[in-house]
Amino acid sequence: MTISKAKIKYIRALEAKKHRDAEGVFVAEGPKVVGELLATMPAKLLVATPQWQVPVALHASTELITVNDDELQKLSFMRAPQQVMAVFPKFSQHGDVLKDCVETNELTLMLDGVQDPGNLGTIVRLADWFGIRHVVCSLDTADVYNPKVVQATMGSIARVKVSYTPLEPLLDALPPSFPVYGTLLDGDNIYGQQLCAHGIIVMGNEGKGLSTSVRQRVNHKLLIPHFATGEQRAESLNVAIATAIVCAEFRRQGAQR
């Protein structure tokens with residue numbers, strides 16, 4: 001089946017958030033990411049080269065279009081397309097975010113203004129790795145359905161729930177003693193703190209860190225110490241790297257209990 005100009009226009013338009021929102025869909029690329037998603041839900045549309053090996057039986061509603069490498073190159077949002085593109089329906093966002101944070105007795109990641117798509121995608125992948133099932137984002141955090149974010153998750157978007165909500169009302173609605181952790185320059189060395197097995201871990205914007213209003217609601221301030229000697233050293237850590245360090249310490253302590 002030859003791909004039509006209308007279909008090409010439709011797929012290319014989905015690079016923009018307004019069109020993804022209007023259609024209620026997002027785009028994934030590559031055998032790894034598409035395969036992970038197909039294992040959890042049917043795609044609306046698949047565009048693939050003959051080299052792509054279909055990993056699962058396709059749903060009857062899925063439209064499959066075979067294209068050549070040049071056609072896929074024109075469609076793809078990547079510099080080096082990888083055999084397949086897919087259009088999936090967005091995940092349902094129904095549910096009570098507060099209940100998810102409090103009653104599950106688990107760790108939740110909260111992102112305050114994380115802007116870089118690569119960082120957001122990597123953090124979703126980290127959440128999956130460390131067994132954190134819910135990432136709550138401020139409204140100004142990057143769109144999880146941005147193609148660059150989807151790609152950076154490497155399929156973890158299929159297993160981690162990502163919600164968007166104003167953070168301050170959510171934090172204010174928590175029980176008074178509920179642990180809210182945040183990394184701050186005036187925090188206490190994370191390696192000297194006793195960390196809870198549940199609570200919220202808040203990570204901030206790449207350049208500004210936590211916003212003032214969210215910082216005021218953190219009741220456990222943490223610091224990732226540096227170990228460099230001498231006066232010259234990195235001024236800060238990438239937010240995704242910092243998230244990995246923090247999550248690893250929480251899980252390390254949990255494994256020792």
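The count of salt bridges in this predicted model comes to 13, a salt bridge being a side-chain nitrogen of Lys or Arg within 4 Å of a carboxyl oxygen of Asp or Glu. The tour begins with three of these pairs.

Select Lys7 and Glu63. Their closest N and O atoms are 3.1 Å apart, and the two residues form a salt bridge. Lys7 belongs to helix 1 (residues 5–13) and Glu63 to strand 3, so that the pair links distant parts of the chain, 56 residues apart. Lys7 is partly exposed at 23% relative accessibility, and Glu63 is likewise partly exposed, with a relative accessible area of 26%.

Next, select Arg133 and Glu106, a salt bridge in which the closest N and O atoms are 2.5 Å apart. Arg133 is found in the loop between helix 6 (117–129) and strand 6 (134–137), and Glu106 in the loop between helix 5 (97–102) and strand 5 (107–112); the pair therefore ties together parts that are 27 residues apart in sequence. Arg133 is exposed, at 51% relative accessible area, whereas Glu106 is partly exposed, at 24%.

Move to Arg159 and Asp128, whose side chains meet in a salt bridge of 2.8 Å, N to O. Because Arg159 lies in the loop between helix 7 (147–153) and strand 7 (161–164) while Asp128 lies in helix 6, this pair ties together parts 31 residues apart in sequence.

Now display residues 6–86. The unreviewed UniProt entry annotates this span as "domain: MRM3-like substrate binding". The span is 37% helix and 20% strand, and its end C-alpha atoms lie 16 Å apart.

Turn to the open sheet, in which four strands follow the order 1-4-2-3 with mixed pairing. Strand 1 (25–29) and strand 3 stand at the edges; each has a single partner strand, so one side of each lacks a neighbour in the sheet. Neighbouring strands of this sheet are turned by 15° against each other on average, direction ignored. Strand 2 and strand 4 (residues 84–89) run antiparallel and are joined by four bridges.

Continue to the surface at Val54, Leu58 and Leu64, which form a nonpolar patch with about 210 Å² of accessible area together. Leu58 sits in the loop between strand 2 (45–48) and strand 3 (63–66) and is partly exposed, with a relative accessible area of 30%.

Finally, select Glu23 in helix 2 (residues 17–23). The C-alpha atoms of Glu23 and Asn189 are separated by 46 Å.

Conventions. Residues numbered from 1 in each chain as written. Predicted model: local features only at pLDDT ≥ 70, side-chain atom pairs only at ≥ 80, totals over all residues. Heavy atoms only, no water. Patch = residues over 30% accessible without salt bridge, like charges linked within 9 Å, V, L, I, M, F, W, Y side chains within 5 Å. Areas by Shrake-Rupley, 256 points an atom, 1.4 Å probe, with all protein chains shown as cover. Helix = DSSP H or I, 4+ residues; strand = E, 2+ residues; numbered from the N terminus. Buried < 20%, exposed > 50% of the residue type's maximum accessible area, 1.4 Å probe, protein only. UniProt positions renumbered as here; feature names shortened; annotations may be inferred. Pairing = 2+ DSSP bridges. Axes fitted to C-alpha atoms, helices over the stretch in contact; angles between N-to-C directions.
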